[in-house]
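Me: Please take me through the strand arrangement and the pocket of this model, with the criteria behind each term.

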Amino acid sequence: MSDPSPLFDLGTMRLPDAEATSALAQRLAPHLGPGDCLCLMGDLGAGKTHFARALIQARLTEPEDVPSPTFTLVQTYQAGGLEIWHSDLYRLSDAQEMDELGLTEAFETALCLIEWPDRFADEMPEAALWLHFTMAGEGRMVTLRSARPDPWQARLAGVVPG
């Protein structure tokens, strides 16, 4: 599967190294809240988990270990009054498993960071922000898209070059 269509392009950035990926996550973090969903796409090693870790760490009030959810499927965090769900859908075989994990409900109440969302693109919230990470030489490129760009354009101003 791939990301849903049509998605509107909200910007593309070159991320020359891991620090640039972390910096993007840190700039975006304060603009996110309950009900926001970031769909993190890209090949293995493209920077999805690194981005998610940096974003979660930026929102936590106390430093905490942020492991990959590859084997646990979901990791949750409390960042002040914000609940953050970090999920990896790679090993799910059916969209019903998302309900069983509580993820569908979390889409409404938490900030959700979803790795491998393309496996169940039709189940992702319509207003999700899709970040597609690709390898680009020694660094990465990230393209941001959404089926509903209006809520994102103002929040991304100053975060992603226009």
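Me: In what order do the strands of the open sheet lie?

Reply: In this predicted model local features need pLDDT of at least 70 and side-chain atom pairs count only at pLDDT 80 or more, while totals for chains, interfaces and linings use all residues. Residues are numbered from 1 along each chain as its sequence is written, and side-chain values use heavy atoms, leaving out hydrogens and water. Strands (E, at least two residues) and helices (H or I, at least four) are DSSP runs numbered from the N terminus, and two strands pair if DSSP finds at least two bridges between them. The pairing is mixed across 7 strands, in the order β1-β7-β6-β2-β5-β4-β3.

Me: Which strands are the edge strands?

Reply: An edge strand here pairs on one side only. That applies to β1 (8–15) and β3 (74–79).

Me: Which element gives the most to the lining of the largest pocket?

Reply: A pocket is an open set of points on a 1 Å grid over the protein atoms alone, where a 1.4 Å probe fits, with protein on both sides within 12 Å along at least five of seven lines, and lining residues have an atom within 4 Å of a point. The largest pocket is lined by 21 residues, with G45, A46, G47, K48 and T49 nearest its centre. The elements giving two or more residues to this lining are α1, α2 and β7. With 3 residues, the element that gives the most is α2.
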